[in-house]
Amino acid sequence: MSRAPMSIVDSIRSQLVPINSEGYPFIGAFALVSLVLFWLWSPLGWLGVVATLWCVYFFRDPPRVTPLREGILVSPADGRVARVTPAVPPVELGLGSLPLPRVSIFMNVFDVHVNRSPIAGRIERIAYTPGLFINAELDKASENNERNGFVISTPSGVKIGMVQIAGLVARRIVTFVREGAGVGAGERVGMIRFGSRVDVYLPEGTRPLVAEGQTMLAGETIIADLKASDPGRTFRVG
């Protein structure tokens, strides 16, 4: 049985990246300002069009293919690994006072900003902490910046900490889930608007499988394996 040929409209639609609903008010506002600028002076209007298209691009929310296996942790954010180092988790997470392996992922304004759960489990805690808006790439941003923390408890009792950290431009952290809710690996849990960082705190003794400078894809890139079946990796730059 032959398949009907795909129409041009269907072909174009299949290439379009979905937009997260959080972006619609901003896109609408940018478009409205563009119309006003066109009325005032057409060159300004075209600048508004460029800004509107960038806003559409910023709020894109592409589907991801998440590897599913007990013990695998995937990246919660798109971006670049800024730090892989032991660090004491924020006190509001309740993960203790000893350093844990931490992977910090920096998102610039061109990265997808929808954040995803690194592992399947239950949202045991959500803790918002007001703070500063210094450069999110700096290590002290983990302690001083406005942030929103999650503690995800797996069925086996392992707890993973994930912290959304605001940056220089970011002024709004959005949460899509509630305490007590079940969440799947790679499922959307929130976003940070306009540039920021996400920290993941791994259980003691876990070996991160990523390197500083590596590019991450939320919901796809594996950052650790709790089953320790992977003894660790080396990396080549270039």
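**Strand pairing, cores and helix packing**

Met107 has Ser196 in S11 as its bridge partner. This pair belongs to the antiparallel pairing of S3 with S11, which extends over 6 bridges in the predicted model. S11 is joined to S7 as well, again by 6 bridges and in the antiparallel sense.

The burial of S11 was examined next. Of its 6 residues, 6 are buried, and the strand is mostly covered. The cover extends to both faces: Ser196, Val198 and Val200 are buried on one side, and Arg197, Asp199 and Tyr201 are buried on the other.

S11 is part of an open sheet of 8 strands, arranged in the order S9-S5-S6-S7-S11-S3-S2-S12 with antiparallel pairing. The edges are formed by strand S9 (182-183) and strand S12 (215-216); each has a single partner strand, so one side of each is left without a neighbour in the sheet. Gly121 is placed opposite Val183 of S9.

An open sheet of 3 strands, with the order S4-S10-S8, also has antiparallel pairing. Here strand S4 (114-116) and strand S8 (173-175) are the edge strands, and each pairs with a single partner, so one side of each lacks a neighbour in the sheet. From one strand to the next, the twist averages 25°. The antiparallel pairing of S8 with S10 comprises 3 bridges, and Val174 has Met191 in S10 as its bridge partner.

Arg172 is located in the loop between S7 and S8. This residue is partly exposed, because its relative accessible area of 44% falls between the limits of 20% and 50%. Arg172 and Met191 are 19 residues apart along the chain, and their C-alpha atoms are separated by 8.6 Å. When neighbours within four places in sequence are left aside, the contacts of Arg172 are Met191, Ile192 and Arg193.

The largest nonpolar core contains 25 residues, of which Leu73 and Ile223 touch the most other members. Two or more residues are contributed to this core by each of strand S3 (100-107), strand S6 (147-153), strand S7 (159-166), strand S10 (188-192), strand S11 (196-201) and strand S13 (222-225). A separate second core has 8 residues, among them Leu95, Leu100, Val151 and Tyr201. In soluble globular proteins, nonpolar side chains tend to be buried together.

For Ile223, contacts beyond four places in sequence were listed as well. They include Leu73, Val74, Ser75 and Pro76, together with Val200. Further contacts of Ile223 are Arg207, Pro208, Leu209, Val210 and Met216.

Helix H2 (residues 24-40) packs with helix H3 (residues 42-58) at an angle of about 170°, and the axes are 7 Å apart. The two helices are therefore roughly antiparallel. On the H2 side, the contact is made by Phe26, Ile27, Phe30, Ala31, Ser34, Leu37 and Phe38. H3 contributes Ser42, Leu44, Gly45, Trp46, Gly48, Val49, Ala51, Thr52, Cys55 and Val56. Classified by residue type, the contact of H2 with H3 consists of 12 nonpolar and 5 polar residues, with no charged residues.

Technical notes: Residues are numbered from 1 along each chain as its sequence is written. This is a predicted model: local features need pLDDT of at least 70, side-chain atom pairs count only at pLDDT 80 or more; totals for chains, interfaces and linings use all residues. Side-chain values use heavy atoms; hydrogens and water are left out. A nonpolar core is a set of buried Ala, Val, Leu, Ile, Met, Phe, Trp, Tyr and Cys residues joined through side-chain atoms within 4.5 Å. Buried means under 20% relative accessible area, exposed over 50%, partly exposed in between (1.4 Å probe, protein chains only). Helices (H or I, at least four residues) and strands (E, at least two) are DSSP runs, numbered from the N terminus. Contact means heavy atoms within 4.5 Å. Two strands pair if DSSP finds at least two bridges between them. Axes are lines fitted to C-alpha atoms, for helices over the stretch in contact, and angles run from 0 to 180 degrees between N-to-C directions. Angles under 35 degrees count as roughly parallel, over 145 as roughly antiparallel, 65 to 115 as roughly perpendicular and the rest as oblique. Ala, Val, Leu, Ile, Met, Phe, Trp, Tyr, Cys and Pro count as nonpolar, Asp, Glu, Lys and Arg as charged, and the others, Gly among them, as polar.
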